[in-house]
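Me: I have a model open here and want to talk it through. Can we start with the ligand?

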Amino acid sequence: MDKKIYLSSPTMHGEEQKFVQEAFDTNWIAPLGPNVNEFEKEMAGYLHVGHAAALSAGTAAIHLALKLAGIKQGDIVLVSDLTFSATCNPITYEKAFPVFVDSEKDTWNMDPAALRKAFEKYPQAKAVVCVYLYGTPGKIDELMEICAEHQVPFIEDAAESLGATYKGKHTGTFGKFGIISFNGNKIITTSGGGMLLSEDEAAIQKARFLSTQARDPARHYQHSQIGYNYRMSNVVAGIGRGQLLHLEEHKALKKSIYEQYKEAFSDIKEITMNPLNPDGEANYWLSCMTIDPGCSVKPNDIMDALEAANIECRPIWKPMHLQPVFAENDFIQVQDGISVGEEIFNEGLCLPSDIKNTPEDMAKIIDIVRKCFGK
Ligand SMILES: *Cc1c(COP(=O)(O)O)cnc(C)c1O
């Protein structure tokens, strides 16, 4: 069997263990402690955002963002259609209704024109949740302007785009709330974890309160609200502190992977790499490609060929409006009958983007893809 090549696996450097060891040495093995506090400060400092709450998952961060934005049973929330289910699942935890908004072709993210249309149909919508797919920032100014017109909070799902910037400012720091994830395959990882970001200090304090079972300040256990067990562990936060020291390096390596693919496929006119946003700098979390729909080679052919060589790859996220579980939910597209997200899903795939890939690994992947096109 060939050596396994991964899509995007964790890359540890050693400093992680130093911070974890500190947690063990001081017996701070709990969902609180010095690593948690320092990781929050260090991340807020890196991102230039006021405040951050370290949580057990990015999904937990989205859930708390919605709660803090006042989302209640029966509310409509406008959300990106082309994304991972974690972007919209927490809307349903609150018994609110996700309405899916189509993508644009320029960055693959929420289309401002579709968002406008969504507000025409649902002027009562209470919030917008927008993802930055595969690490490329969306048309943030336009999206935020529409949210401001309708006076609803803009919530950024920056789970995939940690370290990416738009007009010089980090994704996840524009909206009322932003969230990031440290799941196993993200650009930096703590094995599992996430953060909620905001300029609103009181809201972040409230998130810390809700994430630790909403205990009122009293000697006995007293609760006036329903809480959650969502806080990040001090051991996990130690891994995060070590990883954050290497985020810039990971970004540079991811960018180099993208550029190698782009160069290697430049003579195959049916292949287009995933788009970048000229108003920003992606973190290049995953390199993706689409194939012209008229071409006889299909994404499945490439995925089959890579998998046969023990190389991990992945389809594009299947749009939420096509998911059986969301069959009843509305989907807003700019032009009837044309779903940009569905086209990207049908035409695309995610290429192996592991920063530990050697030049030989990259050459092997590229060769397999090129052979699919008879090159
Ligand atoms: C990974 C991811 C999340 C969720 O993060 P977890 O930390 O795994 O809960 C949310 N949204 C998107 C788009 C993601 O890719």
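Reply: An oxygen atom of the ligand is 3.3 Å from an N or O atom in the side chain of Lys-186. This is a predicted model, where local features need pLDDT of at least 70 and side-chain atom pairs count only at pLDDT 80 or more, while totals for chains, interfaces and linings use all residues. Residues are numbered from 1 along each chain as its sequence is written, and side-chain values use heavy atoms, with hydrogens and water left out.

Me: Which side chain has an N or O atom 2.8 Å from a ligand oxygen?

Reply: That is Asn-183. A polar backbone atom of Gly-58 is also 2.7 Å from an oxygen atom of the ligand.

Me: How much of the ligand's accessible area does the protein cover?

Reply: 94% of the 380 Å² that the ligand has on its own. Accessible areas come from the Shrake-Rupley method with a 1.4 Å probe; for residues, only the protein chains shown count as cover.

Me: How many residues surround it?

Reply: 15 residues surround the ligand, and the closest are Thr-59, Asp-157, Glu-160, Ser-181 and Lys-186. A residue is near a molecule if one of its heavy atoms lies within 4 Å of it.

Me: And by class?

Reply: The shell has 5 nonpolar, 7 polar and 3 charged residues. Ala, Val, Leu, Ile, Met, Phe, Trp, Tyr, Cys and Pro count as nonpolar, Asp, Glu, Lys and Arg as charged, and the others, Gly among them, as polar.

Me: Where does Thr-59 lie?

Reply: In helix α3, residues 58–68. Helices (H or I, at least four residues) and strands (E, at least two) are DSSP runs, numbered from the N terminus.

Me: Is α3 mostly covered or mostly open?

Reply: Mostly covered: 8 of its 11 residues are buried. Buried means under 20% relative accessible area, exposed over 50%, and partly exposed in between (1.4 Å probe, protein chains only). The buried ones include Gly-58, Ile-62 and His-63. Thr-59 is partly exposed, because its relative accessible area is 26%.

Me: What does Thr-59 touch?

Reply: Ala-86, Pro-90 and Tyr-93, leaving aside residues up to four places away in sequence. Contact means heavy atoms within 4.5 Å. Thr-59 and Asp-157 are 98 residues apart in sequence and 9.4 Å apart in space, C-alpha to C-alpha.

Me: What follows α3?

Reply: Gly-70, with a positive phi near 80°.

Me: Different spot. Where is Thr-107 found?

Reply: In the loop between β3 (97–101) and α5 (112–121). Thr-107 is buried, with a relative accessible area of 3%.

Me: Which side chains make polar contacts with the Thr-107 side chain?

Reply: Glu-104 does, at 2.6 Å, and so does Asn-109, at 3.2 Å. A polar contact is a pair of N or O atoms within 3.5 Å; within protein, one must be able to donate a hydrogen and the other to accept it, and residues adjacent in sequence count only if both atoms are side-chain atoms.

Me: Now the whole thing. How many helices and strands?

Reply: The protein has 12 helices and 15 strands. Its radius of gyration is 21 Å, close to the 21 Å the globule rule gives for 375 residues, so the protein is as compact as a globular protein of that length. The radius is taken over C-alpha atoms, and the rule is 2.2 Å times the number of residues to the power 0.38.

Me: What share of the residues is buried?

Reply: 57% of the 375 residues.
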